Amino acid sequence: MAELPDDVQQEAFRLTKLIERTGNPDEQDAYQERRDKLLAEYSYTARIREDDSGRTLVCYPEEWVVDGTVYPDRIDDIDRGVELPLSGTGDPDEWDSVWEHNRLLAEEIREEHGEIHGDNITALAQFASNHYAKPIESLTEQELAEFKEEYFPRNAWPSQNQQDAIDESISLIDFQ
């Protein structure tokens, strides 16, 4: 049972943002083809869900889907599905610069405090960028709680050492 690695999720999200940003249909098709091919390497497929909370990139294992429809009786483990909100409280047009800022912060933490804290803050960087399109330092207590309680255990696949260190990792950030 293959899982969808974080870097693949990140790239699928980035390509989806590029699809949305470009007005050129040929470029949109090329980005979508790249995203679909990338996800297919892990036997996943994607769609965009729109509801009251906004737009979400949803990635499903291919075996759950027939002719574009997800069949609940085919779902073996709901945690294998990946949801990446495309709209958040930050400015999605600034996503690239926010992601770069958050990525560099995670690298600094890794260099100064080691792999475990670096991995934890990389997961936090992905969460802050993808879900809220804002710098890590701007996350609220509620958003940090969402990260620790929901995103981190389900999407980061943390080791026990990472789980044990998550509070300390977050304490290394200078919040505004």
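Predicted model: local features only at pLDDT ≥ 70, side-chain atom pairs only at ≥ 80, totals over all residues.
User: What makes D76 and R80 a salt bridge?

Analyst: The closest N and O atoms of D76 and R80 are 2.9 Å apart, and because a salt bridge asks for a side-chain nitrogen of Lys or Arg within 4 Å of a carboxyl oxygen of Asp or Glu, the pair qualifies. A search of the whole structure finds 14 salt bridges.

User: Why is R80 called buried, and why is D76 called partly exposed?

Analyst: R80 has a relative accessibility of 4%, and buried means under 20%, so R80 counts as buried. D76 has a relative accessible area of 48%, which falls between the 20% limit for buried and the 50% limit for exposed, and therefore D76 is partly exposed.

User: How do you know that R103 and E100 form a salt bridge, and where do they lie?

Analyst: Their closest N and O atoms are 2.6 Å apart, and because the cut-off is 4 Å, R103 and E100 count as a salt bridge. Both residues lie in helix α3, residues 95-113, where they are three residues apart, about one turn of the helix. R103, at 27%, and E100, at 34%, each fall between 20% and 50%, so R103 is partly exposed and E100 is partly exposed.

User: What makes R110 and D119 a salt bridge, and are they buried or partly exposed?

Analyst: The closest N and O atoms of R110 and D119 are 2.8 Å apart, and as the cut-off is within 4 Å, the pair is a salt bridge. R110 has 23% relative accessibility and D119 has 33%; because buried requires a value under 20%, R110 counts as partly exposed, as does D119.

User: Which residues are linked in a network of salt bridges?

Analyst: E11, R14 and R34 are linked in such a network.

User: What lines the second largest pocket, and how do its residues divide by class?

Analyst: The second largest pocket holds about 190 Å³ of space, and the elements giving two or more residues to its lining are β2 (54-61) and β5 (82-85). The largest share, three residues, comes from β2. Among the lining residues are W64, I75, G81 and R154. By class, the lining has seven nonpolar, one polar and four charged residues.

Definitions and conventions
Residues numbered from 1 in each chain as written. Heavy atoms only, no water. Buried < 20%, exposed > 50% of the residue type's maximum accessible area, 1.4 Å probe, protein only. Helix = DSSP H or I, 4+ residues; strand = E, 2+ residues; numbered from the N terminus. 1 Å grid on protein atoms, 1.4 Å probe; cavity = no way out; pocket = protein on both sides within 12 Å on 5 of 7 lines; lining within 4 Å. Points joined across faces, edges and corners; volume = space filled by probe spheres on them. Nonpolar A, V, L, I, M, F, W, Y, C, P; charged D, E, K, R; others polar.
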